[in-house]
Amino acid sequence: MSRQAEIRECLEAAFAPEALEVIDDSARHRGHAGAPDEGESHFTVRMTASALAGQRKLAQHRAIHTALGPLMGQIHALALDVNGDPDGGPVRPARLPRRG
């Protein structure tokens, strides 16, 4: 099983996401330090999961790293976009009014 498939399997088991995309970005990083020749080292995960709703970004990232367990030792870089807008962009917090 590819590392990409293993990541997908772990995240599906841990969070039952409504949407999940695991992208292998390794080819874009070939040749730089920490990028093994065989690839499967750099990934982007885009996920919408009710299980992570309401959590701060740091808590979401920690939960994902915990769910991936030993796989984290095999991944050089992991970019996360969690609970983004289903239409594509990340959800931005509302701006608070300025105090006068």
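Colleague: In which sense do β2 and β3 pair, and over how many bridges?

Modeller: Strands here are DSSP runs of E of at least two residues, helices are runs of H or I of at least four, and both are numbered from the N terminus. Two strands pair if DSSP finds at least two bridges between them. For β2 and β3 the sense is parallel, and the number of bridges is 6.

Colleague: Before we continue, what kind of model is this, and how are residues numbered?

Modeller: This is a predicted model, in which local features need pLDDT of at least 70 and side-chain atom pairs count only at pLDDT 80 or more, while totals for chains, interfaces and linings use all residues. Side-chain values use heavy atoms, with hydrogens and water left out, and residues are numbered along each chain as its sequence is written, from 1.

Colleague: What pattern does the chain follow along the sequence?

Modeller: The chain contains 2 helices and 3 strands. Read along the sequence, their pattern is α-β-β-α-β.

Colleague: Which strands are at the edges of the sheet?

Modeller: The sheet is open, with 3 strands in the order β1-β2-β3 and mixed pairing. Each edge strand pairs on one side only, and these strands are β1 and β3.

Colleague: Which residue of β3 is the bridge partner of M47?

Modeller: The pairing can be followed residue by residue: R46 has D81 in β3 as its bridge partner. For M47, the partner in β3 is V82.

Colleague: Is V82 buried or exposed?

Modeller: Leaving aside neighbours within four places in sequence, V82 is in contact (heavy atoms within 4.5 Å) with M47, L52, Q60 and I64. Buried means under 20% relative accessible area, exposed over 50% and partly exposed in between, with a 1.4 Å probe and protein chains only. The relative accessible area of V82 is 12%, so this residue is buried.

Colleague: At what angle does α2 run to β3?

Modeller: Angles run from 0 to 180 degrees between N-to-C directions, and axes are lines fitted to C-alpha atoms, for helices over the stretch in contact. Helix α1 touches β1 and β2, its direction making about 160 degrees with that of β1. Helix α2 lies across β2 and β3, and its angle to β3 is about 125 degrees.

Colleague: How many nonpolar residues are in the contact of α1 with α2?

Modeller: Helix α1 (residues 3–15) and helix α2 (residues 57–68) pack at about 115 degrees, with their axes 9 Å apart. The residues in contact are I7, C10, L11, A14 and F15 of α1 with A63, I64, A67 and L68 of α2. Ala, Val, Leu, Ile, Met, Phe, Trp, Tyr, Cys and Pro count as nonpolar, Asp, Glu, Lys and Arg as charged, and the others, Gly among them, as polar. This contact has no polar and no charged residues, and the nonpolar number is 9.

Colleague: Which residues touch the most other members of the largest nonpolar core?

Modeller: A nonpolar core is a set of buried Ala, Val, Leu, Ile, Met, Phe, Trp, Tyr and Cys residues joined through side-chain atoms within 4.5 Å. Beyond residues up to four places away in sequence, I7 touches V22, F43, V45, L68, L71 and I75. Of the 17 residues in the largest core, those touching the most other members are I7, L11, V45, M47 and I64.
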